[in-house]
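Colleague: Please take me through this model, and for each term you use, tell me on what grounds it is applied.

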Amino acid sequence: MRTPEPGPMTSPDIAKTSLVVFLALVVQYALLDNVRVDGAHPEIMFLLAAAAGYVGGSERGASVGFVIGLVSDLFLPTTFGLSALVCCVLAYTTGAATAGLVRSSRGIAVVVLTLAEATGLALFAVLAAVLGLTGALRDSLVPALVVTVPASVVLSLPILVLVRWAVPPALPPAATPPPAGLGR
Amino acid sequence: MPSSRRSRRARRPRLTIFLLVLASITIITLDYRGDARGAISGLRRVAHDAFAPVQSAVDDVVRPAGSFLGGALHAGAIEQQNTELRAENGLLRRQALQAGSDVQTLHALEQLESLPWAAAIPSDQSIPTIAGEVVAFNSSDFAATVQLDVGRNQGVDVGMPVVGGAGLIGSVIEAWSSGCTVRLVTDASSAVGVRYGQPGNYALLDGAGSGRSLVLEDVAPGTPMRRGEVLSTSGLEGALFPPGIPVAKVTSYSSTPSSVEESVSAQPVADMAGLQYVAVMEWEPSTTEPSP
């Protein structure tokens, strides 16, 4: 099922989204970066992008995800634009794949976001390896997944609450105009 | 008419993702080729400068609590470590005196052999340093980096070597007003030219990611090697580091009859997991060509 897409984000929406991204940056780079297990640490920027796709739908999610990724890239030592690419694809895919899901179940949201986070990490590792970061797939991916997946299970719901506050939701399927002829 | 509007609406998300992916790939290409490195470094500097006060404020709040809890949990181990460090400190002082004498001898030998670049190499003992504290570890799970609390305001610049504890820990890859990012020698994209064993033995020491052993490349099979052997920066012409800084110790080596090079693993001499205070060396690679 295709995600119904609402109109453009309003100024208050953009302000709230910026605030959430800033908050996520603070949590990521001032707190989570120092929680290290086997050289890896929990990661919430991919989770945030996936949540934007889950709440805002594929198109809006992709745009918000792109911005989240670009902001992340400013603080990462890896190739600039890599997180932007991963975040926008991740948000788009999450939005498109969950368009027909019932959003009231918290369990489904946690599973979807954790899966998206793991997929995002794997995609990032593959692209980093393609760009010459040889150890990304061989050495770094497994520890990153081992640390990030449990952290995602814990952090998914708080992030979803924040994203729901900031990003306007995609219109529910029932709100889409019926195809010509069916409404008569 | 309505059906064409619906079809346009259906195409819009695909057009959006196509444009965003295209934009991302363009940015990646520009950075990868180095065409926009100046602009990107500038953006990163501005972002770090803007974010540094927030990070510092959060760190001030979080660190005492973390240190208190860590200290309470590991009080016994810390006391034991303190005793060991005192003993090690005495040993290191003696070794430093010995190393200083070795460096002088090596320089004298190199000059005797009339190596064209020998006179141009500075002694690492005389290079001024800027002391800094590690304030954050790995900002990415796919890169081994640390962030220091000293930056351009203190004289730190991109490319400067960083030493800590027993030896080299890496080099500065990004510097802003009040901080810098250091790529550790354990990072998968790090490569340090080192010397080992007999004079004239040079190799490349590659990182393999946080917590993993370093790999010594280009060592011919059967080259005499021993466990615990110290690998020091080569300081060859154009090297990224000054000569004679210990980088790692050999932990294992092996070769098969069919192999074209010895398989050598090494551990950094500096404790990468326990880094706290380090020194940035105010040193830049020499760009002068060796005289004929």
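Modeller: In chain B, strand β6 (residues 191–195) and strand β9 (residues 230–233) run antiparallel and are joined by 2 bridges. This is a predicted model, in which local features need pLDDT of at least 70 and side-chain atom pairs count only at pLDDT 80 or more, while totals for chains, interfaces and linings use all residues. Residues are numbered from 1 along each chain as its sequence is written, chains are lettered from A and ligands numbered from 1 in the order in which they are written, and side-chain values use heavy atoms, with hydrogens and water left out.

Colleague: What makes strand β6 and strand β9 of chain B a pair?

Modeller: Two strands pair if DSSP finds at least two bridges between them, and a strand is itself a DSSP run of E with at least two residues, numbered from the N terminus. β6 and β9 of chain B have 2 bridges, so they pair; here Arg195(B) stands opposite Ser232(B). β9(B) is also joined by 3 bridges to strand β10 (residues 246–254), again antiparallel, with Leu231(B) opposite Ala248(B). β10(B) pairs in the antiparallel sense with strand β11 (residues 263–268) over 6 bridges, and Ser252(B) stands opposite Ser265(B).

Colleague: In what order do the strands of the closed barrel with β6 in chain B run?

Modeller: The order of these 6 strands is β6-β7-β8-β11-β10-β9, with antiparallel pairing. Another closed barrel of 6 strands in chain B runs β1-β2-β5-β4-β3-β12, also with antiparallel pairing.

Colleague: How do you know that chain A and chain B are in contact?

Modeller: Contact means heavy atoms within 4.5 Å, and 56 residues of chain A are in contact with 45 residues of chain B. The two chains bury about 4,400 Å² between them, 65% of it on carbon and sulfur atoms; buried area is the accessible area (1.4 Å probe) that two parts lose on being put together, summed over both. In chain A, Phe75(A), Pro77(A) and Phe80(A) lose the most area to chain B, together 15% of what that side buries.

Colleague: How many salt bridges does the rule find across the interface of chain A and chain B?

Modeller: A salt bridge is a side-chain nitrogen of Lys or Arg within 4 Å of a carboxyl oxygen of Asp or Glu, and across this interface the rule finds 0.

Key: Helices (H or I, at least four residues) and strands (E, at least two) are DSSP runs, numbered from the N terminus.
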